[in-house]
Amino acid sequence: MKLRLGMVGGGQGAFIGAVHRIAARIDDDYELVCGAFSSNAEKSKASGIALGISADRAYGSYEEMIQKEKQLPEDQRVQVISIVTPNHAHFGPTKMALENGFHVILDKPMTFSLAEAKELEKVVAASDKLFCLTHTYTGYPMVKEARQLAVTGKLGTIRKIYVEYPQGWLSSFLEGEDNKQASWRTDPGKSGIAGCMGDIGTHAFNLCEYVTGLQVTQLCADLNIVVEGRKLDDDGSVLMKLDNGASAVLTASQIAIGEENNVKIRVYGDKAGLEWEQWDANTLKVKYADKPTEIWRTGAGYLSSHAGHNTRTPGGHPEGYLEAFANLYHNFALTIKAGIEGKEAAAEAKDFPGISDGLRGMAFIENVIASGKSDLKWTKFTV
């Protein structure tokens, strides 16, 4: 059974929309049946037709899409709506979709502001529909394995975490060159109060909390605007305290020339440590005090069921970003289908980011910006 999928945003010329559509197709869980692909009605309709959607279901706006789809017979209307717009256009379609009876997959960060995130939390709680936030890196098999090692005590008591996300693509004033991706990410009216920390810092923050199972309680941020003329942060470092007393260091930069997307995490407990980076995503390094470092690989029989569940190919066949993205879509689909059948989804299937991850991500943004402007050394992490 394929779930009927609709999309808001992601039309012609958009990067992330195509990624979402590929992720939805990898496991044949979804069929794209409708969409409102642009705020420009003409462009939206043209994008839908180009994607092979029936002309009468390529809508001019998300409001039109949700209203008309709701009027269709239950066995024809869309079931899941994927929202892949810039940050400022997340809240409206997500709220409307949930309130009208559709499951939602939303790109991160969750909303434009923490206030919107809190309101969306109430909407999800009042709805009987499911919500998934696409923090992609949680979908990698070896990130799943890292989490299992941490939360089951294999590392012992966690003491120290280093998480980093370096990029170099905004090392120059690209927003002044009519670069669409740079323009909205550096625009406070579309991105929100944060630039780099909202765009990729939230990924690093989410990875820290997801892998360790711990939550940040305090932070101390140093944020920078390096490129002249830029309106939002493009570089920063954050010291963090977690709820078990551990300390963490988070760095995110979009002006690190030569860097691409090598998000990386290292976690150290009192029994062992681990290291994972996206450039070698099939490898997890497990470190000890009294024996050599072990190299664990995706697809191996010694891994947990959580890693195995999210692996498609035999060992030695690399799985990367698109497959990790697809794992979120697949697990979300399995959970929806279990509900349709009146069953409880397996724990491995229910392991996808949700509303609480989104709320904490938006709280991270607001706390980091506040700390960056404050003279206080430490700021209490509030949600």
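On a 1 Å grid over the protein atoms alone, a pocket is an open set of points with protein on both sides within 12 Å along at least five of seven lines, whereas a cavity is a set of points where a 1.4 Å probe fits but cannot get out; lining residues have an atom within 4 Å of a point. Grid points are joined across faces, edges and corners, and a volume is the space filled by probe spheres set on the points. The model is predicted: local features need pLDDT of at least 70 and side-chain atom pairs count only at pLDDT 80 or more, while totals for chains, interfaces and linings use all residues. Residues are numbered from 1 along each chain as its sequence is written, and side-chain values use heavy atoms, with hydrogens and water left out.

The second largest pocket has a volume of about 270 Å³. It is lined by 16 residues, of which R147, E209, Y210, S356 and D357 are the closest to its centre. Two or more lining residues come from each of α6 (141–151), α9 (196–212) and α12 (355–373), where helices (H or I, at least four residues) and strands (E, at least two) are DSSP runs numbered from the N terminus. Helix α9 provides the largest share, four residues. Five residues of this lining are nonpolar, five polar and six charged; Ala, Val, Leu, Ile, Met, Phe, Trp, Tyr, Cys and Pro count as nonpolar, Asp, Glu, Lys and Arg as charged, and the others, Gly among them, as polar.

The largest cavity has a volume of about 40 Å³. Its lining includes R185, D199, R230, D233 and D234, and by class the lining comprises two nonpolar, three polar and five charged residues.

The description now turns to the sheet. Five strands form an open sheet in the order β2-β1-β3-β4-β5, with parallel pairing; two strands pair if DSSP finds at least two bridges between them. At the edges are β2 (30–36) and β5 (131–134), each of which pairs on one side only. From one strand to the next, the twist averages 20°. Four parallel bridges join β3 (residues 80–83) to β4 (residues 103–107), and I83 stands opposite L106 in β4.

Helix α3 (residues 62–71) packs on the sheet, touching β1 (3–8), β2 and β3, and its direction makes about 125° with that of β2. Contact here means heavy atoms within 4.5 Å; axes are lines fitted to C-alpha atoms, for helices over the stretch in contact, and angles run from 0 to 180 degrees between N-to-C directions. Helix α4 (residues 91–99) lies across β1, β3, β4 and β5, at about 165° to β4.
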